[in-house]
Amino acid sequence: MQDPNEDTEWNDILRKKGILPPKELPKDDEEEELALQHQSVVKTYEDMTLDELDENEDEFGEEDEAAIEMYKQKRLAEWKATQMKNVFGEVTEISGQDYIQEVNKAGEGIWVVLHLYKQGIPLCTLINQHLSTLARKFPQTKFLKSISTTCIPNYPDHNLPTIFVYSEGDMKAQFIGPLVFGGMNLKVEELEWRLSESGAVKTDLEENPRKQIEDKLMSSIRMSAPTQKDSDSEDEDY
């Protein structure tokens with residue numbers, strides 16, 4: 001009787017067609033294959049972010065849980081070290097040559113706020129002052145400024161001030177032109193709220209400061225407006 005584990009061309013054909021069972025591996029070969037499978041799993045989770053590990057944890061076997069947990073702790077420690085390292089705290093001036101390095105390659109988890117401005121435009125000056133305040137308050141966010149035409153050739157002045165918000169090279173928000181900012185009445189809290197809505201900063205403000213101003217304005221208008229009774233009495237006098 002022919003040995004089904006024998007290495008012959010005929011046995012290989014029978015195995016492919018499912019007539020013979022897969023060849024039994026020697027014990028050493030089985031251990032080697034298990035080791036290779038384990039390395040394959042390790043490679044998959046080593047390529048994952050912390051969020052991806054949490055999402056895919058059900059796909060790994062019990063034997064991998066301890067290794068994955070150790071790896072997660074290692075990644076978490078690396079992330080914390082990066083966060084400690086990436087403390088900015090001020091608004092940095094850049095040119096067009098710095099754009100890719102400072103904005104597109106800012107790093108994993110880094111939010112970038114870029115202000116395009118020109119000297120001599122009062123609102124640009126005001127926003128630069130506000131951004132300096134916010135850079136100190138939110139040192140984990142990278143705040144940048146650049147003279148518009150040195151960053152983007154022929155960028156029109158009527159689009160100034162302009163703020164672009166990026167995360168990991170992708171634009172997340174843009175604020176273009178003076179009307180978007182509400183003119184020279186713009187408060188630093190209002191700008192903070194706008195940036196928090198885009199995700200660039202984590203504000204402790206509970207509501208939009210602009211809404212408070214609008215509510216007060218509407219309240220004062222209602223108080224100064226004549227009531228219906230006053231209007232009727234005025235009509236009777238004529």
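Glu168 is partly exposed, with a relative accessible area of 48%; partly exposed here lies between buried, under 20% relative accessible area, and exposed, over 50%, using a 1.4 Å probe and protein chains only. This is a predicted model, in which local features need pLDDT of at least 70 and side-chain atom pairs count only at pLDDT 80 or more, while totals for chains, interfaces and linings use all residues. Residues are numbered from 1 along each chain as its sequence is written, and side-chain values use heavy atoms, with hydrogens and water left out.

To return to Glu168, its phi is near 50°, a positive value in a residue other than glycine. Glu168 sits in the loop between E4 and strand E5 (170-176). Strands, labelled E, are DSSP runs of at least two residues, and helices, labelled H or I, are runs of at least four, both numbered from the N terminus.

The peptide bond leading from Leu160 into Pro161 is cis, with omega near -5°. Asn154 belongs to the loop between H7 and E4. Although Asn154 is not a glycine, its phi is positive, at about 65°. Asn154 counts as exposed, at 72% relative accessibility.

Finally, helix H9. Why is H9, residues 188-198, described as largely enclosed by the rest of the structure? Because eight of its eleven residues are buried. Among them are Val188, Leu191, Trp193 and Leu195, together with Glu190 and Glu192. Just after H9 comes Gly199, which takes a positive phi of about 100°.
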